[in-house]
Amino acid sequence: MLINLHIKNLALIDELDIDLGKGLNILTGETGAGKSIIIGSIGICLGGKFSRELLRDPEKDGLVELTFDVNDMNIVKSDNKDDVPNSSISEFISTADEGILTISRKLSKDRVVNRINGETVTVSRIKEVAEALINLHAQHEQTTLLHEEKHIEILDSSSREIQALKQDVREAYQAYMANRKELAGMNMDASERAKRVDFLRFEEEEIEAAKLISGEDTELEALYTKMNNAKEICEITESVYSSTGYDSSNSAGNQISRSLQKLKSIERYDKDAEPLITTLTDIEAILNEFNQSLSEYIEGSNFEEKTYVETEQRLNLINTLKSKYGRSIEDIQNSLEAIKTELDSLSDYEARLEELTAKEKELQKALEERCAVLSEARKVKAAELSAKITEALKSLNFSDVQFYMDMKRLPECTAEGFDSIIFMISTNVGEEPKPLHMVASGGELSRIMLATKSVLADVWDTPTLIFDEVDTGISGITAQKVAEMMKELSRTHQIISITHLPQIASKADNSFLIEKTVTDGRTFTGIRAIEGEDKVMELARLLGGDSITESVITAAREMLA
C-alpha cells in the first residue's frame, strides 16, 4: 500500500508530505485548491510526462516520490491461471529495506532521473513495477468506455490465460505474415526472372572482379594525395636537406662537424669540456640519422607515371562501386552477399514457390486454430466478467440493469485474434441492450467504470486504487451507493479518492483537506490530515456550501456517526 507521497517544487506546491493509511483515504477541498495537482503528481511518479514547464521554480529541481509498504504483497500467486502476475517487482521487493519500496522521479537540468529503491531505472521499468502496486483512475478516464476498441483490452487484461494465448496468436500471425510477404514478392514470370538473374550475375561479377581488400581505399586515397602534391613535397624536403646536410659549407651538418673538431682540440687542456663534446657528438649523430631518413624519404617520394595512373584508376573503380553498392568496401561486400542470396533463391525459384505456398496453408491453419482457442477463452471470461460487472452495477443503483459483452468475428485474423467485443447495456426496464456509447450518460459512465474497476481490482490484486473525482454527475441515493461500494472495496484494497460528495467523504478512514494559501504574495497548495471537529466542519462545507448553519453541522455529525 502507498504510505507516503512527497512532492517538491511542482505547480503550486513548494514541498509537502502526505502520510496515507489503510482503507479509504479521502481528499477534499475547494475547487481550484490543487486536488488535481496532487493526483497528477502521482501520475508523474508512475511514469507520466515530467517536463520543466511543470516546475514552480524553474531554477530548482522537481521531485515526486512514492513510498510503499510491500510487506503483505504476494509475489508468487496461487495456482489460479487467471491471476495477473506481479512478478515484475519481485526483484525490488526482495531488496526492500524492511518491506519499504520507494519510487522517485527527479527533474534536474532537463533530465529526469528515475529510481526504485535508490537504483536508477528506465521510465518503462517504473511503469512495469507501478502496475503491480497501484491503479490510477484519472479524471475523465471513464470516457474511454465510449471507445469500443478499449472493450476488448479491458476483457483481455482480466486474465493471465488470455494474455498468454494472445502472445501465441501474435507469434503465429508474425510467422504467417512473413511467409505471405515473401510469397507476394515471388510474382514474376519466367522472362522477368531470367532478366533479374542476368542483372544480378552482372553485379556479382563486377564486384568479384574488383577483388576488393578491406581498408585499401583509405591507403590508396592517402597515396593519391601524396602523388598529387609530389612537386611541393619534393621542393620542401630538398630545401630542408640542403639546410641540414653536408652539401654546402654553411649547412648545419658541416657547421656542427667543424664545431665538434674545435671543441675536441681543447679537450687536452681542460677535461671539463668533455660533457660539451659528448652533447655535440650526440647532436651530430642525431642530425646524421635525420639526414639519412630524409634522403630515403626523398628517394621514396619519386614515382613513375605508371604508378600514378594505376592508383587513380583503382580509386575510380572503388568509388564507382561505392556509388552503386554502398559507402564503404564493407557495404559493397555485404551487397555481394545479398546478391548471392537472391541468386540462390531465384535459381531454385519453383521449388521455393511451392514450399512457400504449402507453408502458407499450414501457417494460416495454425493461426486460425490459435485464434479459435483465444476466442473460446474470451467467451468464458466475458460471461464471467459480465456477471460480476452486472452485480457491481446493481449495487451502484442500476437496479434493472442488463450488461453483457457482445462478441463478433472479424473477417480476417489479426495479431490480436479474430474477435471484436462491444459492451452492451440497458439501464431501463423494457429496453433492449445497446452499445454502451449509445446509452450511457456522464454519471452512468462514472458508475460503470467504478464497477469495472472494482471487479478488475480483485482479479489484478492491485493493492492501491486511486480515483480522481469518480463522483462526477451523480448525487442523492446513487452517491450513497457509490460511497458504499468504495467503502466495501476499501476492506480489501487501499483506496485514495478525491471527492466533492459528503456521502463519500463521510465514509473515509483517513481524511485530508487540500488548501490554497497566499504567503508573501505567492500562492501555495498544502494538505493536512483532518479528524474530529475539523472533519465535521469539512463535511458540513460539502453539505452546505457557503451556508454552514447549526443544522448543517448537526447533519454532518449524524452522517459521520
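Analyst: The model itself is predicted.

User: Switching topic. How many helices and strands are there?

Analyst: The chain has 19 helices and 15 strands. Its radius of gyration is 40 Å, well over the 24 Å from the globule rule for 561 residues, so the chain is more spread out than a compact globule.

User: What box do the C-alpha atoms fill?

Analyst: Roughly 125 × 85 × 40 Å, taken along the principal axes.

User: Back to the strands. What order do the six strands of the open sheet come in?

Analyst: The order is β2-β1-β4-β5-β6-β7, with antiparallel pairing. Strands β2 (13-19) and β7 (119-120) each have a single partner strand, so one side of each has no neighbour in the sheet.

User: How many bridges join β1 and β2?

Analyst: Six, between β2 and strand β1, which covers residues 2-10. As one example, L5 has I18 in β2 as its bridge partner.

User: What holds strands of a sheet together in pairs?

Analyst: Backbone hydrogen bonds, in either a parallel or an antiparallel arrangement.

User: Last topic, charges. How many positive and negative side chains?

Analyst: There are 65 positive and 101 negative ones in the chain. The centres of the two sets lie 3 Å apart.

Conventions
Residues numbered from 1 in each chain as written. Predicted model: local features only at pLDDT ≥ 70, side-chain atom pairs only at ≥ 80, totals over all residues. Heavy atoms only, no water. Helix = DSSP H or I, 4+ residues; strand = E, 2+ residues; numbered from the N terminus. Rg over C-alpha atoms; globule rule 2.2 N^0.38 Å. Lys, Arg positive; Asp, Glu negative; His and termini not counted. Charge placed at Lys NZ, Arg CZ, Asp CG, Glu CD. Pairing = 2+ DSSP bridges.
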